[in-house]
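Me: I would like to learn how to read helix packing and charged pairs in a model. Could you take me through both, step by step?

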Amino acid sequence: EKPIQLLIRNLELDGYLYQASRLLAPEKDVLDVEAESGLLKSLYVSLGLSGSDTAFHHLSLSAEHYENGKWDDSISNSRKFFECVLQETASIHSRSMRKTPLTQSTLEKPVLIRKYLETEGLLESIEAEAIAKVYGLLSHTGNHPYMAEKDQARLLRNLALTLSQFVLLRLQGCLAPK
């Protein structure tokens with residue numbers, strides 16, 4: 001029975017549901033987590049961001065904890081991956097565009113990183129606000145009424161991956177030769 005539960009949780013992580021001996025795809029645009037992770041890894045490396053081992057370790061732990069039913073840990077590691085992406089994006093942007101590294105005190109505070117990305121024009125105000133709100137959801141991992149914990153973990157992970165890709169693509173466009 002344990003391998004079946006593992007399979008079901010992996011399917012759920014990809015946005016599928018298994019009910020009454022049927023496999024359902026409730027989300028029309030199902031996020032392919034493996035493909036998304038590969039794309040994120042490719043972007044991360046091609047942009048020359050450092051710390052990929054740490055970032056992708058958190059992403060791997062997010063999936064592993066989801067598979068093992070550790071919902072809060074899955075969400076926490078999704079947030080940590082998202083933090084790594086934002087931190088490294090701000091860092092490479094500052095070194096490339098301003099020709100100076102960000103201070104350690106800025107790099108240690110997610111709110112200052114988001115503010116930097118907005119101030120420097122990499123994110124528009126509404127985008128920075130959306131990222132801040134999702135970051136807040138990822139940080140507040142308690143139960144939300146009327147939603148199963150496993151659904152929270154899956155959906156919040158998908159949000160973290162999607163917004164990570166958004167930020168990395170913004171950086172790619174900013175760094176591209178004009």
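**Reading a charged pair and a helix contact**

Reply: Arg98, at 42% relative accessibility, counts as partly exposed, a class lying between buried (under 20% relative accessible area) and exposed (over 50%), with a 1.4 Å probe and protein chains only. This is a predicted model, in which local features need pLDDT of at least 70 and side-chain atom pairs count only at pLDDT 80 or more, while totals for chains, interfaces and linings use all residues. Residues are numbered from 1 along each chain as its sequence is written, and side-chain values use heavy atoms, leaving out hydrogens and water.

Me: Which side chain meets Arg98 in a salt bridge?

Reply: Side chains of opposite charge can pair when their charged atoms come close. Here Arg98 meets Glu120 at 3.5 Å, N to O, a salt bridge being a side-chain nitrogen of Lys or Arg within 4 Å of a carboxyl oxygen of Asp or Glu. Glu120 is partly exposed, at 30% relative accessibility.

Me: At what angle do helix H4 and helix H7 pack?

Reply: Two packed helices are described by the angle between their axes and the distance between the axes. Helix H4 (residues 71-98) and helix H7 (residues 125-139) pack at about 145°, with axes 8 Å apart; axes are lines fitted to C-alpha atoms over the stretch in contact, and angles run from 0 to 180 degrees between N-to-C directions. Helices are DSSP runs (H or I, at least four residues), numbered from the N terminus.

Me: Where does Glu83 find its salt-bridge partner?

Reply: Glu83 pairs with Arg79, the closest N and O atoms being 3.2 Å apart. Both lie in helix H4, 4 residues apart, so about one helical turn separates them.

Terms used. Helices (H or I, at least four residues) and strands (E, at least two) are DSSP runs, numbered from the N terminus.
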